[in-house]
Amino acid sequence: MTRRTSICLFLLLTFICSCGKIELPDPSSSTPDDKHPDHPESTTEETITVSQLLELDKEQNHEVHVKGYIVGYVDGTTLKQARFLCPENRANTNLLLADKPDEQETSRCTAVFLETGDNGFRTALNLYDHPDFFHRQIIIHGLSQAYFGQTGIRKMLDYHWPFESDSPEEIRKPDLSDKTEYIPEGR
């Protein structure tokens with residue numbers, strides 16, 4: 001073996017032996033500071049209230065799980081057109097959520113867009129087809145954005161009912177029989 005070959009083998013063996021196990025970071029253990037610019041800011045899977053959602057910056061996307069009561073819908077293009085009842089003539093395109101089932105102040109409500117198409121959220125949740133959902137508590141998983149001028153859910157990803165045992169016949173809703181429709185001022 002030549003001297004040159006011996007040196008090369010020695011260097012090669014030294015290099016191979018000196019390499020230890022390479023530790024790569026675990027992507028599941030990223031911290032909130034590890035944000036990717038193409039993805040919305042993510043919260044933990046902690047469920048927040050409507051009030052907490054309304055405090056988020058409406059100009060940034062936040063992935064959230066928000067719990068609230070379905071209290072109505074917006075029948076137009078502004079919150080001034082909020083209706084705190086079920087629609088009578090067609091499926092609604094959005095829902096209003098609030099922390100209290102009898103809320104009728106739009107500044108304490110958030111709107112959730114109900115998309116059509118493959119996800120079927122409009123078909124599954126609109127109040128026209130499902131009046132039994134009115135005043136029912138729900139958890140919405142989605143992306144918060146500006147919607148009707150305040151923070152809302154513009155992109156819904158999923159939803160579930162807090163009480164999985166609830167069937168439409170067993171819905172736990174408060175008694176609001178003494179409530180009448182409220183139409184905000186300025187309509």
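In this predicted model, Arg 136 lies over the face of Trp 161, at 3.7 Å from the ring centre.

## Aromatic residues

Trp 161 also belongs to an aromatic cluster, which it forms together with Phe 121, Phe 133 and Tyr 159. Across the whole structure, a search finds five aromatic pairs. One of them joins Phe 121 and Tyr 159 in an edge-to-face arrangement, with 6.0 Å from centre to centre and 75 degrees between the planes. This pair links distant parts of the chain, since Phe 121 is in helix 3 (residues 121–125) and Tyr 159 is in strand 7 (residues 150–160), 38 residues apart. Phe 121 is buried, with a relative accessible area of 7%, whereas Tyr 159, at 24%, is partly exposed.

The rings of Tyr 147 and Phe 148 have their centres 4.4 Å apart and their planes at 35 degrees, so this pair is tilted. Both Tyr 147 and Phe 148 are buried.

## Two residues with positive phi

Most residues other than glycine have a negative phi. Phe 148 has a positive value, near 55 degrees, although the residue is not a glycine. Phe 148 is found in the loop between strand 6 and strand 7, and its relative accessibility of 18% is under the 20% limit, so Phe 148 counts as buried. His 135, likewise not a glycine, has a positive phi of about 70 degrees. This histidine lies in the loop between helix 3 and strand 6 (137–147), and at 13% relative accessibility His 135 counts as buried.

Gln 137 lies in strand 6 and counts as buried, with a relative accessibility of 15%. Leaving aside neighbours within four places in sequence, Gln 137 is in contact with Lys 67, Gly 68, Tyr 69, Trp 161, Pro 162 and Phe 163.

Leu 96, found in strand 4 (residues 94–98), is buried with a relative accessible area of 0%. When residues up to four places away in sequence are not counted, the residues that Leu 96 touches include Tyr 69, Ile 70, Val 71, Gly 72, Leu 79, Phe 84 and Cys 109. Leu 96 and Gly 72 are 24 residues apart in sequence, and their C-alpha atoms are 5.0 Å apart in space. Cys 109 is itself buried, at 0% relative accessibility, and Cys 86 also counts as buried, at 17%. The structure holds zero disulfides.

## Salt bridges

| Arg 90 (45%, partly exposed) | Asp 75 (27%, partly exposed) | 2.8 Å |

The side chains of Arg 90 and Asp 75 meet in a salt bridge. This pair links distant parts of the chain, with Arg 90 in the loop between strand 3 (82–83) and strand 4, and Asp 75 in the loop between strand 2 (62–74) and strand 3, 15 residues apart. Glu 115 lies in the loop between strand 5 (109–113) and helix 3, and Lys 155 in strand 7, so the pair ties together parts that are 40 residues apart in sequence.

## The chain as a whole

The protein chain contains three helices and seven strands, which follow the pattern α-β-α-β-β-β-β-α-β-β when read along the sequence. Among contacts between residues at least 6 apart in sequence, 60% join residues at least 24 apart. Of the 187 residues of the chain, 36% count as buried. The chain exposes about 11,900 Å², and carbon and sulfur atoms supply 51% of this area.

Methods
Residues numbered from 1 in each chain as written. Predicted model: local features only at pLDDT ≥ 70, side-chain atom pairs only at ≥ 80, totals over all residues. Heavy atoms only, no water. Phe/Tyr/Trp six-rings, centres within 6.5 Å; stacked < 30°, edge-to-face > 60°. Helix = DSSP H or I, 4+ residues; strand = E, 2+ residues; numbered from the N terminus. Buried < 20%, exposed > 50% of the residue type's maximum accessible area, 1.4 Å probe, protein only. Lys NZ or Arg CZ within 6 Å of the ring centre and 35° of its normal. Contact = heavy atoms within 4.5 Å. Areas by Shrake-Rupley, 256 points an atom, 1.4 Å probe, with all protein chains shown as cover. Disulfide = S-S within 2.5 Å. Salt bridge = Lys/Arg side-chain N within 4 Å of Asp/Glu carboxyl O.
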